[in-house]
Amino acid sequence: MRIVVALGGNALLKRGQPLTAQAQRENIKIAAQALAKIAENNELIITHGNGPQVGLLALQGNAYKPDELYPLDVLGAETEGMIGYMIEQEMGNFVPFERPLATLLTMVEVDPKDPAFSHPTKFIGPVYEEAEAKKLAKDNHWSIKPDGQKWRRVVASPLPKRIFEIRPIRWLLEKNTIVIASGGGGIPTMYDADSHLKGVEAVIDKDLSSELLARELGADLYIMATDAEAVFLDWDTPEQRGIKCVSPIDLANYEFAAGSMGPKVSAACQFAEKTGKTAAIGSLEDLEQIVAGTAGTRVSKLVGDMESY
């Protein structure tokens, strides 16, 4: 099969861990082991989040003068290279030497009129206590919002329209390459009034961008690997239950948290509805079982009544 796996942020950095290269490498090593197993007999495309990493680079930029700060599109490109390098290197320790790997910087077009630019919602960077977050927001002209018990910076998250590097990704897959692409949702770009392509101060949602990538590549299976075993209804209540399989129409009838499971459910429904193929959401540790259809939540138009675990 041709499989796209979108690694959640927990695959790179667990909540509360320090933003160090060593912490990220240890987590990526675990992810690489799981990914290598499903790469044996399948074509594999890997995408990943970059929220903490792009936020860290933005903080490092505070050492510069205000007019010297690097914009988010450039920082996004830097994280694609950094994280892609780590994934590529660790994957190389688990797959045969003859199996090529490649990280591709990926530009993704967005609409300059996207309403997301007026309502920033995408969390980036580390978490803060409320007082510290408000001071940083004032000093750096940030938008901030609560994230659980903490506060974080938020930026615009426009919808992805087009993946510019889709052709070279296809060429690499034809040579049996494991491709790491569209990291962090891709590098946000748009055409200005003079039809010149330029970068944008935004972060594209990884799950929606990965869905577009999976759809345009004709993937047989689109997996969003997260820290949850499945999609749960009535989460954190005595009645909570995991969904085993469900149709996109039925799943769309339920609401999920906008900052966590919501985008994944939307991406899964969109992929299943538009392609007639299967999207899945589940734990990175269960990746082999998710591919086999025995773990996680599977979303498909072929499903009748919803099944729970």
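Trainee: Which conventions apply here?

Mentor: This is a predicted model, in which local features need pLDDT of at least 70 and side-chain atom pairs count only at pLDDT 80 or more, while totals for chains, interfaces and linings use all residues. Residues are numbered from 1 along each chain as its sequence is written, and side-chain values use heavy atoms, with hydrogens and water left out.

Trainee: Into which domains is the protein chain divided?

Mentor: Domain bounds come from an automatic or database domain assignment. Here the chain is divided into domain 1 (2–108 + 158–308) and domain 2 (121–155). Their centres, taken over C-alpha atoms, are separated by 24 Å.

Trainee: How is the area buried between domain 1 and domain 2 to be read?

Mentor: The size of an interface is often given as the accessible area lost when the parts come together. Buried area is the accessible area (1.4 Å probe) that two parts lose on being put together, summed over both. Between domain 1 and domain 2 about 940 Å² is buried, and carbon and sulfur atoms give 62% of that area. On the side of domain 1, R15, L59 and V203 lose the most area to domain 2, together 41% of what that side buries. In terms of contact (heavy atoms within 4.5 Å), 14 residues of domain 1 meet 13 residues of domain 2.

Trainee: Why does the end-to-end distance of helix α8 agree with its number of residues?

Mentor: Helices (H or I, at least four residues) and strands (E, at least two) are DSSP runs, numbered from the N terminus. The expected span of a helix is 1.5 Å times one less than its number of residues. Helix α8 has 15 residues (261–275) and should therefore span 21 Å, in agreement with the 21 Å between its end C-alpha atoms. Just after α8, G276 takes a positive phi of about 75°.

Trainee: Which residues of α8 are buried, and what covers them?

Mentor: Buried means under 20% relative accessible area, exposed over 50%, and partly exposed in between (1.4 Å probe, protein chains only). The buried residues of α8 are M261, G262, P263, K264, V265, A267, A268, C269, F271 and A272. Their cover includes the helices α6 (206–216) and α7 (248–251), together with β12 (221–226), β15 (278–283) and β16 (297–299).

Trainee: Which residues of the largest nonpolar core touch the most other members?

Mentor: A nonpolar core is a set of buried Ala, Val, Leu, Ile, Met, Phe, Trp, Tyr and Cys residues joined through side-chain atoms within 4.5 Å. In the largest core, of 41 residues, Y222, L251 and V265 touch the most other members. Helix α8 gives the most to this core, with seven residues. Leaving aside neighbours within four places in sequence, V265 is in contact with V231, L251, F256 and I281. A second, separate core has 32 residues, among them A32, A280, L287 and A295.

Trainee: How are the two faces of strand β9 to be read?

Mentor: In a regular strand the side chains alternate between the two faces of the sheet. In β9, I178 and I180 lie on one side and V179 and A181 on the other, and all are buried, with both faces covered.

Trainee: Which strands does β9 pair with?

Mentor: Two strands pair if DSSP finds at least two bridges between them. Strand β2 (residues 43–48) runs parallel to β9 and is joined to it by two bridges, with I45 opposite V179. Strand β3 (residues 101–104) is also parallel to β9, through four bridges, and there L104 has A181 as its bridge partner.

Trainee: How do the partners of strand β14 run?

Mentor: Strand β14 (residues 241–246) is antiparallel to β13 (residues 232–233), with two bridges between them, and F232 stands opposite G242. Two bridges also join β14 to the antiparallel strand β17 (residues 307–308), where I243 stands opposite S308. With β16 the two bridges are parallel, and C245 stands opposite R298.

Trainee: Is L221 buried or exposed?

Mentor: L221, in strand β12, counts as buried because its relative accessibility is 2%. Not counting residues up to four places away in sequence, L221 touches M1, R2, I3, V4, T278, A280 and V291. The C-alpha atoms of L221 and A280 are separated by 7.6 Å, although these residues are 59 residues apart along the chain.
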